[in-house]
Amino acid sequence: MTKKMSISTSKTSLVLFLCQIISALDVPLDSKLLEELSQPPTITQQSPKDYIVDPRENIVIQCEAKGKPPPSFSWTRNGTHFDIDKDAQVTMKPNSGTLVINIMNGGKAEAYEGVYQCTARNERGAAISNNIVVRPSRSPLWTKEKLEPNHVREGDSLVLHCRPPVGLPPPIIFWMDNAFQRLPQSERVSQGLNGDLYFSNVQPEDTREDYICYARFNHTQTIQQKQPISVKVFSTKPVTERQPVLLTPTGSTSTKVELRGNVLLLECIAAGLPTPVIRWIKEGGELPANRTFFENFKKTLKIIDVSEADSGNYKCIARNALGSVHHVISVTVKAAPYWITAPRNLVLSPGEDGTLICRANGNPKPSISWLANGVPIAIAPEDPSRKVDGDTIIFSHVQERSSAVYQCNASNEYGYLLANAFVNVLAEPPRILTPANKLYQVIADSPALLDCAYFGSPKPEIEWFKGVKGSILRGNEYVFHDNGTLEIPVAQKNNAGTYTCVARNELGKIQNEVQLEIKDPTMIIKQPEYKVIQRYGQVSFECIIKHDSTLLPTVTWLKDNDELPDDERFLVGKDNLTIMNVTDKDDGTYTCIVNTTLDSVSASAVLTVVAAPPTPAIIYARPNPPFDLELTGQLERSIDLSWLPGDENNSPITSFVIEFEDALHEPGVWRYQTEVPGSQTTAQLKLSPYVNYAFRVIAVNRIGRSQPSEPSEQYLTKSASPDENPANVQGIGSEPDNLVITWEPLKGFQSNGPGLQYKVSWRQKDVDDEWTSVIVANVSKYIVSGTPTFVPYEVKVQALNDLGYAPEPSEVIGHSGEDLPMVAPGNVQVHVINSTLAKVHWDPVPLKSVRGHLQGYKVYYWKVQSLSRRSRRHVEKKILTFRGNKTFGMLPGLEPYSSYKLNVRVVNGKGEGPASPDKVFKTPEGVPSSPSFLKITNPTLDSLTLEWGSPTHPNGVLTSYTLKFQPINNTHELGPLVEIRIPANESSLILKNLNYSTRYKFYFNAQTSVGSGSQITEEAVTIMDEAMASRQVDIATQGWFIGLMCAVALLILILLIVCFIRRNKGGKYPVKEKEDAHADPEIQPMKEDDGTFGEYSDAEDHKPLKKGSRTPSDRTVKKEDSDDSLVDYGEGVNGQFNEDGSFIGQYSGKKEKEPAEGNESSEAPSPVNAMNSFV
């Protein structure tokens, strides 16, 4: 990564550093390379800072590290050296720094409380762990107390105090009764954050003697129970209604301090009758969207992931019909230190420069201190290449002895951050890690990626060549990645060959060759076609392919996206699929899929099976129902059923379907039992216990199914324990702190006896817990509360009845509820590929922080402004989702020469995590769009005036305009082309020295530094000379010419009058003929009262015509108001559409081509147009 640093000019010793760009080396994760390179220690695993342990189990304090040579480990306890050799209860794992304190063989956990720190050291430095505070968990017993019964008047408020024992960590509180059932809670009765049970007003049904508060200590898996509390409600008539009064918090104001990133919980519980309703507001602001939740019937306000912006006054208002009361909670958000820039490892070459930057924020502002190899840097051995400047260490001209591990500590009163970052000075010649002569094969027109993984110190420069003596590769057809990979975005046949990657630094040079082969794509040149075939016929689908001769294709046929039936009637040939003796079951979609090692193509066709035409002499029908059903051989688990078949009606019976009714559990419901061949008239049926059976038989032939037979006599089987357990058992949390166990309940006939119940069992996976079980009935769901967020659980559900249990059920793995991800993706980088495409990279978030099933990442990106106009616009954010644990993606459709912002968020089943910091990137210039208009005015004998508008999308900085023009003679042949360059700041031009009475065609476009944009064209004519115009006037004034014109006008007038009379009498004319031919439903019918046409009546004749295709006299070319006009898509005809999409222009007589002169009409003399012209 390239880094730049600005330093005060007063620090003259750092001036040289200002002029340099520091590039730290990335060491590839190549096992062979890592074994050879020396590396300072790195802590890879350690126990949490606040480590609460189970006092009954051995204490394991983790400390794992890597390095070359492998590091040795030592520990301090409470700030002094911890000599583990002197304590027989303490051992260190081999090749590890992890401590194991043996508590199960006589040790006491309390004796090992303290602050531990691990140091991993080798010849290149020392890394240290966090301060690990080890404390054993505590789950003390409830102090015994004498609880007096609570006598409360109906309508009064009541608080039942829990006051659990103080444990480590604090317990989870819940209220239950003697039957271990959760006490129902509502707007009137609810549990507070402190565990107390609050009654806004008591009712007679609240009288009971078993209000029991439970405290569950998760760390030790123990539950403590308070003595039952008795509540007796006595009634007084009438019950007095009361205004709201706050039970908690008390007073009118209170304060709350919360840390950044935590969950803010504010609570208001009120007494009153009727029960008050709680409402929350933030004074002077809005509650944060997407982070605000209301719990406990809106009595608790929950804001997740709080920040300093959430500080302020929050008001809760309790209201009922008699009045209201409010309380203001002043919230202050402080912050433990959090990273802005954590120090990162540096791999440098001798003589190079580098920096370690450690920047953190918090409230209050954290202090930054540095250590070198675990020792405060002020007392560490001096290094002349090192200079500390606050939160930055600057290294200049490092040597191999400068290798060390540095620790940055950022701390304030709410916590601290500790980060290790090593400086590893290596001098290594280049190495190429990609295997030599590696062969890459890609399909033509697909991307080709040729790897050149490398390492060296200093960082090598990478160059690519094609062929043995080829020149270095450059240009837009290649993309060179920072990791050495060469990308050919669209590989063609001419790209095949040998490519050479060369890596060089000042210590040496190395090269590697790889081979690229371009293969022809696989194509289906004759696809299967839709077929209709009669039943019992034969059908064949073709699938003829063309493929690269060096690739071996495999052809697979599917039916309805599944494998072909295992039936000898289906014959798969080299280029076809043939189905013999087609039946109705063969109806469906058949797909031919062709796969090679590089690509895959497919094509589908539908087969429809129809019945063959019946032979007149034979009538086929469904069979008649069987009859005379008889039950014999009755046993506990089986019975024999026999019957007589009915008439088969000219189609042999192929099978008998046997159904049963359970009159005990589902009377009137018939279910499938079995099916036997049509030649069989008896069947032995398997039975289930505790079912009152009746049977019926249905005959089946090729025509269909018969009506059911009459039911057999009933047979009741004896009860037994269940044979099976519920199916589809699942464990999926609906909230972050619960596990919802669901299953498909057994049907009545599966219960095998009375008293069906379910034993639901669960335990946390990989924690070696005991199973926790409950027995429930008449439900298919059980909710386990108080679970950790998104941890795996083993779950099983076993059926039982009054006679015993079903067999031991299998276990399934479920997860407790998901919560929103905690961490935003880091190290977001954008690589702009061209003016409309960019590639974004990010580091994956730690899986633990996802707190749910990782679904993918979302990239939000939006345009901030166009760099050519410098004007902001409404921000329209776009979202791209990348499924799975993907760490990069492409952003298409960007606008050239624009500034964009983006951020990345991780997504789980609960929703989106926090956004990464906005990343700004800019797209380069592109070619402009065409000028917005080109207008030609003021024609004279030898000149024309051109005016134009700048492009709507300049896509960069305009550099100039190009005007090309050429004359057009009467046969439309083009003359010589003249080209003129015009400065970008001009908007008009007078062309002189043109020929008179000549038509010119103009081509006009704009340019940026990238190239020329699309052009706009226009034509115009210079006026004729005065002498010729005079001669034309003389001809027009001759008597014979005037007489001829009058005669023509009189004939046209007579013709129009005749057409007008015929139309009013219903006669046909061209428009009506088109109406009759098209039978357009949108054309109105003839009116019954006056015999006129609704579309063309006299009243309509005087309305303005539809919009025509006239060209303005000033020759302006511009878009219509509608973005969907035909001008934008066609040849310039401004036709319109009816509501059904039919084209109105077909009735208006419009021409296909534009007129020769700009002011002539483009409409043909249809009767409607002619009449309008004479009005």
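Two strands pair if DSSP finds at least two bridges between them. Keep that rule in mind for this predicted model. Strand β27 and strand β28 (residues 300-303) meet it, pairing in the antiparallel sense over four bridges. Within that pair, Glu295 stands opposite Thr300 in β28.

Now widen the view. β27 and β28 belong to an open sheet of three strands, in the order β24-β28-β27, with antiparallel pairing. The edge strands are β24 (264-267) and β27 (292-295), and each pairs on one side only. From one strand to the next, the twist averages 20°.

A second open sheet of three strands has the order β32-β37-β36. Its pairing is antiparallel. At the edges stand β32 (354-357) and β36 (386-389), each with a single partner strand, so one side of each is left without a neighbour in the sheet. Here the twist from strand to strand averages 20°. β36 pairs with β37 (residues 392-395) over four antiparallel bridges. Val388 stands opposite Ile393 in β37.

Next, follow strand β61 (residues 655-662). How many of its residues are buried? Eight of its eight residues are. Both faces are covered. One side holds Ser655, Val657, Glu659 and Glu661, and the other holds Phe656, Ile658, Phe660 and Asp662. β61 has antiparallel partners. Strand β62 (residues 666-677) pairs with β61 over eight bridges. A hairpin of three residues joins β61 to β62.

Turn to the nonpolar side chains. In soluble globular proteins, nonpolar side chains tend to be buried together. The largest nonpolar core here has 30 residues. Ile59, Ile61, Trp75, Ile101, Tyr116 and Val134 touch the most other members. Several strands supply at least two core residues each, including β5 (59-61), β7 (72-77) and β11 (114-122). The largest share, three residues, comes from β11.

Other nonpolar residues lie on the surface. Leu1050, Leu1053, Ile1054, Ile1057, Val1058 and Ile1061 form a nonpolar patch there, with about 510 Å² of accessible area together. Leu1050 has its place in helix α5 (residues 1039-1064).

Finally, look at charge. Side chains of opposite charge can pair when their charged atoms come close. The structure holds 38 salt bridges. In one of them, Arg188 meets Asp206, with the closest N and O atoms 2.6 Å apart. Arg188 lies in the loop between β16 (172-176) and β17 (189-191), and Asp206 in the loop between β18 (197-199) and β19 (208-217), so the pair ties together parts that are 18 residues apart in sequence. Arg188 and Asp206 are both buried.

Glu283 and Lys315 also form a salt bridge, at 3.7 Å from N to O. This pair links distant parts of the chain, 32 residues apart: Glu283 is in the loop between β26 (277-282) and β27, and Lys315 is in strand β29 (residues 312-320).

Arg291 bridges to Asp310, the closest N and O atoms being 3.1 Å apart. Arg291 sits in the loop between β26 and β27 and Asp310 in the loop between β28 and β29, so parts 19 residues apart in sequence are tied together. Asp310 is buried, with a relative accessible area of 3%. Elsewhere, Arg153, Asp156 and Arg242 are linked in a network of salt bridges.

Technical notes: Residues are numbered from 1 along each chain as its sequence is written. This is a predicted model: local features need pLDDT of at least 70, side-chain atom pairs count only at pLDDT 80 or more; totals for chains, interfaces and linings use all residues. Side-chain values use heavy atoms; hydrogens and water are left out. Axes are lines fitted to C-alpha atoms, for helices over the stretch in contact, and angles run from 0 to 180 degrees between N-to-C directions. Buried means under 20% relative accessible area, exposed over 50%, partly exposed in between (1.4 Å probe, protein chains only). Patches are made of residues with over 30% relative accessible area and no salt bridge: like charges are joined within 9 Å, nonpolar side chains (Val, Leu, Ile, Met, Phe, Trp, Tyr) within 5 Å. Accessible areas come from the Shrake-Rupley method with a 1.4 Å probe; for residues, only the protein chains shown count as cover. A salt bridge is a side-chain nitrogen of Lys or Arg within 4 Å of a carboxyl oxygen of Asp or Glu. A nonpolar core is a set of buried Ala, Val, Leu, Ile, Met, Phe, Trp, Tyr and Cys residues joined through side-chain atoms within 4.5 Å.
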